[in-house]
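Visitor: Could you show me how to read aromatic pairs in a protein model?
Guide: Gladly; let us look at the model together.

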Amino acid sequence: MLLLVAADLVAVSVLAFGIYFPRHHRRDLVAAFLGVNVGVLAVAMVLGSTSVGIGMGMGLFGVLSIIRLRSYEIAHHDIAYYFSTLAIGLLAGLSESLDLLHIGLMLLVVGTLFVGDHPRLFPRYRQQNLRLDSAYTDEDALRADLEVLLGGRVVNLSVRSIDLVNDTTQVEVRYVVPAASRAPKAAKAAKAPGSRTERRVGA
């Protein structure tokens, strides 16, 4: 059991301190990942030592999977890290002994996030939520203006709202920046005098 606890702590430490924090720099979520992992590990170990067994453990995983964090909206990659810390805790807590299968599954979880969240994976792709100071009813005109503003090729856009009274458009856009320039022109536009474009969420 001590080996299981040690393996769990090593895996979640690599996930939180070695992968997540160097890439996203959110100290609060590091504490959340560690707390969730150790809490699930402790509860799963107690459940595994009683007659309820694995069935109750999977039920616990199902309950935890529907918990919503209502304080603020978190990104999808943060949710992936939450589920990974849960999975690692359950793998260690519901196991009777440390074997190659459980070690391999923990390494698989950590390795999947290492690759899937690597900054070199699709590095030119960006996502922005913008509020523009014009009401666009023509999607082609909106796309053309966004490509000039962002300095990249728009691959997908979704209009959230159009306010004809206040002359504004809220849009979510995904785009690809040129290989030669990683700094989109939108950064310059946002700093330009008289610009009323509001950038809500960065990629």
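Guide: Ring pairs join Y20, F33, Y81 and Y82 into a cluster. This is a predicted model, where local features need pLDDT of at least 70 and side-chain atom pairs count only at pLDDT 80 or more, while totals for chains, interfaces and linings use all residues. Residues are numbered from 1 along each chain as its sequence is written, and side-chain values use heavy atoms, with hydrogens and water left out.

Visitor: How is a pair of aromatic rings described?
Guide: By the distance of the centres and the angle of the planes. Rings of Phe, Tyr and Trp (its six-membered ring) pair if their centres lie within 6.5 Å; planes under 30 degrees apart count as stacked, over 60 as edge-to-face and the rest as tilted.

Visitor: How many aromatic pairs does the structure hold?
Guide: There are 5. One of them is Y20 with Y81, an edge-to-face pair at 4.8 Å centre to centre with 70° between the planes. This pair links distant parts of the chain, as Y20 sits in helix α1 (residues 2-24) and Y81 in helix α4 (residues 76-93), 61 residues apart. Helices here are DSSP runs (H or I, at least four residues), strands likewise (E, at least two), numbered from the N terminus.

Visitor: Why does Y20 count as buried?
Guide: Buried means under 20% relative accessible area, exposed over 50%, and partly exposed in between (1.4 Å probe, protein chains only). Y20 counts as buried because its relative accessibility is 0%. Y81 is also buried, at 0% relative accessibility.

Visitor: Why is the pair of F33 and Y82 edge-to-face?
Guide: Because the planes of the two rings, F33 and Y82, stand at 80°; their centres are 5.0 Å apart. Here too distant parts of the chain are linked: F33 belongs to helix α2 (residues 27-48) and Y82 to helix α4, 49 residues apart. F33 is buried with a relative accessible area of 1%, and Y82 is buried with 16%.
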